[in-house]
Structure formats: structure tokens, C-alpha cells
Amino acid sequence: MAQRVALVTGAMGGIGTAICISLAKAGYKVVAAYHPEFDKPAEWEKEMAAAGVKGTAAVAGDVSDFASCQKMVADAEAAAGPIDVLINNAGITRDRMFAKMEKDQWDAVISTNLSSLFNMTKQVSAKMAERGWGRIINISSINGVKGQAGQTNYSAAKAGVIGFSKALAAELAAKNVTVNAIAPGYVATKMVMAIKQEILQGIIDSVPMKRLGKPEEIGAACVYLASEDAGFITGATLNINGGLHYQ
């Protein structure tokens with residue numbers, strides 16, 4: 001079988017990096033999509049090399065912009081070939097209580113966390129269907145499942161990710177293209193670990209397993225959902241939250 005090509009958005013964040021490493025070690029040819037204003041590809045490449053991963057490609061763009069996504073996917077295909085696996089992982093937060101939330105804070109989160117799924121998936125889903133094989137994996141959040149005060153924008157977008165995944169799964173099932181969502185709980189990324197210790201400990205204490213998730217646990221779930229073994233799973237949401245919330 002030819003080597004599968006996986007395109008990951010938000011690839012240079014904590015979870016994105018773990019997803020890329022997991023996919024590369026599982027034998028996928030990985031293309032990392034990153035935002036040129038916020039990400040640091042040179043540092044990321046060093047992190048990948050330190051993890052023993054070489055040969056990844058990188059494409060720059062803005063997932064909230066449709067034309068930029070067209071170019072990113074074209075660049076990815078030029079670098080690695082047709083996209084077999086798309087992982088929509090890019091996301092931002094603009095947290096604020098709804099009474100004080102500004103319109104631009106709402107728009108930024110909805111555009112990056114939800115509209116990006118349309119922008120990216122539109123570039124690859126029809127081609128996957130034509131080839132009769134594909135995997136689309138969308139990263140939601142525990143807060144898209146249960147909601148979170150101060151995150152009406154984020155929770156709405158991440159809930160939308162789940163709805164998008166279920167609907168598109170129904171459309172593509174007959175074409176052997178699966179669409180699934182992963183809803184992580186609190187994961188030990190650099191950003192989370194930078195939280196004040198007393199607040200972080202409170203988060204850990206709230207999790208029944210009494211620990212944070214590991215980024216590589218999200219990566220491993222992506223590898224499984226991208227595999228042949230997961231071919232009969234579509235429209236599902238995989239909750240990875242240490243028992244913090246049951247759907």
C-alpha cells in the first residue's frame with residue numbers, strides 16, 4: 001500500500017505537534033499547516049527532529065480564510081501528493097463572559113475554530129470520495145460537549161465541530177470516507193502547564209483520574225481513527241477527558 005498523506009492544521013501547537021509525531025511514527029507522510037504570524041516553523045522542526053521525526057512538509061496559511069486554505073492544500077498536494085487524512089485541529093480562544101464579549105472576539109473564534117472546517121474540508125472531501133477512501137478527524141473539546149462559562153464563543157464553535165462531523169459523516173459514508181470528532185479534556189500542553197500552580201492543581205483535582213491528559217494520547221487516537229482498523233467508525237465523538245464528563 002502506498003504511504004498515506006496526512007494534513008494537520010494547527011500543527012505547531014502542543015496537541016498538533018503530538019498528532020504530527022504520532023502520525024509520522026505510524027508511517028504517514030505528514031504535512032503540517034501553520035499560521036505564519038503565530039507559529040515558528042524552525043523551532044518546530046527542531047522539536048520534531050528531537051522526537052526522531054524527519055521528512056515532514058510544512059505549508060503556511062490562515063484556516064479562517066477560504067482562499068488561503070485553497071492555497072495551503074494545493075501546496076500540500078504539491079509537496080506530498082493527494083491528501084488521504086485531514087485533521088482539523090487549529091483553534092484559538094478569546095475567553096470572556098458573554099455580557100462583556102465583543103463581536104470581534106466572537107467572530108475570531110467562530111472563524112478559526114468552526115468556519116475553518118468548511119474552508120479546509122471543502123478542498124479535500126470530494127477528492128477523497130472520488131478515490132473511495134479518506135479520513136477526516138475534527139478536534140472538538142470537552143467544552144463543546146458540556147459548555148463552559150466564559151467561553152460561549154469557544155463552546156459554540158466546538159459544539160458545531162461535532163454537529164459538522166455527524167452531518168458530513170452521513171454524506172460521505174457510502175464513499176468509504178469517515179468523519180469523526182475527538183473531544184479532549186484538559187491536556188498537559190505547554191500552555192496549560194504555564195497556568196498558576198494552585199489553579200492547575202484545582203483542574204487536576206476535578207478530573208476523576210487525577211491527572212491531565214497527555215498530548216500523545218490525542219495523537220494516538222488520531223492514528224487509530226486514521227487507520228484501516230477504524231473503517232467502520234464514522235460520525236462518532238471520542239471523549240478523552242479522564243472521566244471528567246460523560247456524554
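Predicted model: local features only at pLDDT ≥ 70, side-chain atom pairs only at ≥ 80, totals over all residues.

Mentor: Happy to! Leaving aside residues up to four places away in sequence, Ile19 touches Val8, Ile87, Asn89, Ile139, Gly219 and Cys222. Ile19 also belongs to the largest nonpolar core, which has 29 residues. Within that core, the residues that touch the most other members are Ile19, Cys20, Leu23, Ile87, Ile137 and Ile182. Several elements give two or more residues to this core: strands S1 (5-8), S2 (29-34), S4 (85-88) and S5 (134-139), along with helices H1, H2 and H9 (215-226). H9 gives the most, with six residues. Another core, of 25 residues, lies apart from this one, and its members include Cys69, Ile83, Ala129 and Leu172. As background, nonpolar side chains in soluble globular proteins tend to be buried together.

Now for the way H1 packs on H2. The axes of H1 (residues 14-25) and H2 (residues 41-50) come within 11 Å and cross at roughly 45°. H1 is therefore oblique to H2, and the crossing is right-handed. On the H1 side, Thr17, Cys20 and Ile21 make the contact, and they meet Trp44, Glu47 and Met48 of H2. Sorted by class, this contact has four nonpolar residues, one polar and one charged.

Note on methods:
Residues numbered from 1 in each chain as written. Heavy atoms only, no water. Axes fitted to C-alpha atoms, helices over the stretch in contact; angles between N-to-C directions. Helix = DSSP H or I, 4+ residues; strand = E, 2+ residues; numbered from the N terminus. Parallel < 35°, antiparallel > 145°, perpendicular 65-115°, else oblique. Left-handed = near helix turned anticlockwise from the far one by under 90°. Contact = heavy atoms within 4.5 Å. Nonpolar A, V, L, I, M, F, W, Y, C, P; charged D, E, K, R; others polar. Core = buried A, V, L, I, M, F, W, Y, C linked by side-chain atoms within 4.5 Å. Buried < 20%, exposed > 50% of the residue type's maximum accessible area, 1.4 Å probe, protein only.
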